[in-house]
Amino acid sequence: MHQERRGVLNALEVISENRCFGGVQAVYSHHSDSCSADMTFAVYLPPQADEGPVPVLWYLSGLTCTHENAMTKGGFQEHAAQHGLALIFPDTSPRGEGVADDQAYDLGQGAGFYLNATRDPWRPNYRMYDYVVSELRATISENFPVTDKHGITGHSMGGHGALTIALRNPDLFCSVSAFAPIANPTQSDWGRKQLSAYLGDDESTWVCYDATILLEEYGWKGDILVDQGSKDQFLDLLKPESLASAMAKRRQPGLVRMQSGYDHSYYFVATFASDHIEWHSERLWRNDN
């Protein structure tokens, strides 16, 4: 890592740093004003970053995950190195003493749902939407050799986050894809529980966190790639058919691919990681977006 880059990183705590496919896989922590907590995130810089700024692909993880799951299980780094993309792996929620939690795996720490909570006890810390869209993005731009061309993807709850964040911020993201996203959370038990807990019972406040509703209303400026396993044990909760229907009604360019025999695991994600990296690379390196 160049000496001048390490000087900039003095503002962040370096947790680990490892050589990986000619680049560097590192983990950092910092205090988040958005979440009022210390947050951990991972960054992969491909070898091309030693020569100049590179585009960025964000990967948002799913329920119970941290920054580490996709970093160690997704197999994204080799493909990112080939295509010259930086990878950002945020955590899925604020954590630590004093941060609200729940005994259920699908609420509280590890289940931030990439929204801004407005209901106590979640409101003080659970502002993952602002964290990803504004605070962490600014931290990445200020500390790492990246361009302003950003794509976003994610798995399950993270696929929900990727789609909703991109659809609401087309000026900030050039490309969007998802692996088995929670596609219609206002109509799913993976969504209604969390949205009511974090936002309250007024369902009109939920719609800005539902990819199917956002797509129907606003569309997307480019095309969309979604992969879904046909043997996914959570298929009824994910509702990919709702998103596919919205795309058809909107005549939205894109693909919802039902992958035969695949489940919800990281074996599924790793299998199609190369497709998504290549797909984002084609859109992030071109000059017309």
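**Largest pocket**

The largest pocket holds about 180 Å³ of space. This value, like the others in this report, comes from a predicted model. Rolling a probe the size of a water molecule over the atoms shows where empty space is left.

Lining the largest pocket are 14 residues, and those nearest its centre are Leu63, His155, Trp190, Phe234 and His264. By class, the lining comprises 6 nonpolar and 8 polar residues, with no charged ones.

**Helix α10**

Helix α10 covers residues 266–284. At its start, the backbone nitrogen of Tyr267 lies within 3.2 Å of a side-chain oxygen of Ser265.

Buried residues of α10 include Tyr266, Phe268, Val269, Phe272 and Ala273. Also among them are His276, Ile277, Trp279, His280, Arg283 and Leu284. Ser281 is part of this helix and counts as buried because its relative accessible area is 8%, under the 20% cut-off. Apart from residues up to four places away in sequence, Ser281 touches His83 and Leu85.

**Leu167 in helix α5**

Leu167 belongs to helix α5, which comprises residues 157–168. Its relative accessibility is 7%, so Leu167 counts as buried. When neighbours within four places in sequence are set aside, the contacts of Leu167 are with Ala211, Leu214, Leu215, Gly219 and Trp220.

Between Leu167 and Thr139 there is a sequence separation of 28 residues, and their C-alpha atoms are 22 Å apart in space.

Terms used
Residues numbered from 1 in each chain as written. Predicted model: local features only at pLDDT ≥ 70, side-chain atom pairs only at ≥ 80, totals over all residues. Heavy atoms only, no water. Helix = DSSP H or I, 4+ residues; strand = E, 2+ residues; numbered from the N terminus. Buried < 20%, exposed > 50% of the residue type's maximum accessible area, 1.4 Å probe, protein only. Contact = heavy atoms within 4.5 Å. 1 Å grid on protein atoms, 1.4 Å probe; cavity = no way out; pocket = protein on both sides within 12 Å on 5 of 7 lines; lining within 4 Å. Points joined across faces, edges and corners; volume = space filled by probe spheres on them. Nonpolar A, V, L, I, M, F, W, Y, C, P; charged D, E, K, R; others polar. Polar contact = N/O pair within 3.5 Å; in protein donor to acceptor, adjacent residues only side chain to side chain.
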